[in-house]
Amino acid sequence: MNNWYDLTNSLETNVPPLGEVSQARIEQRVRSALPRRKKRRALLAAIAAVLVLTACGYAVATGQFSDWFRQVAEDPAEPQASEELLASIGTVIGQSQTADGVTMTLNGAIWDGNTMLLSLTMTGESIPDYRWVQVRSEDSWLSASEAQIRKTLPQEMPHLTEAEIDEFVKQYLENWRSAFSYLEIISTQEDEGGSCCLLVKDESRRSQYDSNELVLHLENLAFGETTIAGPFEFTFTVQQKDATIHYTGRTLLAKREDYDIYVTGAEVSPFRAKIMYELSVPFPESQYDSEAIHYATAVDRIRVNGEEFSPTSSRGGTLEQDENGNVRGSAYTGSFDRIVDPVQVEAIRVGGVWLELDTFTLAPNS
């Protein structure tokens, strides 16, 4: 019941996926044309370029996503350079509402399957003239829409009766709305009429579906001594566009006295990195070495083109032990303060050890 924001509808996208045959041809062409040590990077770049060009031609032409999300661009001084990457996980929304002389516009969203960002612009004579202030937003929320829940709940729990569905929806709307992580001003006073841009960030928005109908409610936004009462409420559908690159393999991370820790795979998305690990020997139930787990889950940094980056939020992970006592898990960084091109990530640091991604195998269809 804690994951009601995951209830979304499966909508078809307008862009067909890159077929397996096309990917195979790209891979074969790149592999045959390049020296061995250059194959991996060039292969990633070639596949990524095709995916971007087929998914976001309109956005690339307008440069709108790098304008809306310039504060998370790879290089904020030149945000246009990140347009293709931002647009590849972007959805245009373009909804506006006016209350008490203030107009709030929900421009668009980017969603990579882990982190969602929403771009808003606020204009009007009475908007606050503050820059880089924390906005208090206790009366605001972001959640799945009621229509969305009613559509997907029978698919998730087909045993429920109509009366039970009504009760679940009622409880959700009253108690389980998802508050976003933070709301932040990123610029202000852009023209004579007064304008400021806001960013809503939600790091819990994960879903098995391709799209998600959401409701964003903004009310009593406190900018220092100024409050924008609203309310503003937007119902919109955002597309989940997974730009994650997957790696497989088995690399020794650390040797312990009686066992070893292996990394068995890695994933890199535009805002996060993740590794999968396992211990080399089974353990009695719940008697595995907690120190080793702590070591294996210490994913705290990535390297991009020789430059190191740390996440701005805390990391996390999962852990499981099967009936034979084998321990496996995953660990991931928090989100980064700017978008990262997965193709350019060279290594992930785990427990102080750098895992070079070119020692792993690029998974099919990544």
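User: What does DSSP have to find before two strands count as a pair?
Analyst: Two strands pair if DSSP finds at least two bridges between them, and please keep in mind that everything we discuss here comes from a predicted model.

User: OK, how many bridges join S16 to strand S17?
Analyst: There are six bridges between S16 and strand S17, which covers residues 327-332, and the two run antiparallel. As one example of a bridge, Thr318 has Ser330 in S17 as its partner.

User: Which strands make up the open sheet of six, and in what order?
Analyst: The order is S16-S17-S13-S12-S11-S20, and the pairing is antiparallel. At its edges are strand S16 (316-321) and strand S20 (361-362), each of which pairs on one side only.

User: Switching to S6, why is it largely enclosed by the rest of the structure?
Analyst: Eight of the eight residues of strand S6, residues 195-202, are buried, so the strand is largely enclosed by the rest of the structure. Both faces are covered, with Ser195, Cys197, Leu199 and Lys201 buried on one side, and Cys196, Leu198, Val200 and Asp202 buried on the other.

User: And which strand does S6 pair with over eight bridges?
Analyst: That is strand S3 (residues 116-123), which pairs with S6 in the antiparallel sense, and within this pairing Thr123 stands opposite Ser195.

User: Last one, is Glu225 buried or exposed?
Analyst: Glu225 counts as exposed because its relative accessibility is 75%, and the cut-off for that word is over 50%. Glu225 lies in the loop between strand S8 (221-223) and strand S9 (226-228). Although Glu225 and Pro128 are 97 residues apart in sequence, they are 8.8 Å apart in space, C-alpha to C-alpha.

Methods:
Residues are numbered from 1 along each chain as its sequence is written. This is a predicted model: local features need pLDDT of at least 70, side-chain atom pairs count only at pLDDT 80 or more; totals for chains, interfaces and linings use all residues. Side-chain values use heavy atoms; hydrogens and water are left out. Buried means under 20% relative accessible area, exposed over 50%, partly exposed in between (1.4 Å probe, protein chains only). Helices (H or I, at least four residues) and strands (E, at least two) are DSSP runs, numbered from the N terminus.
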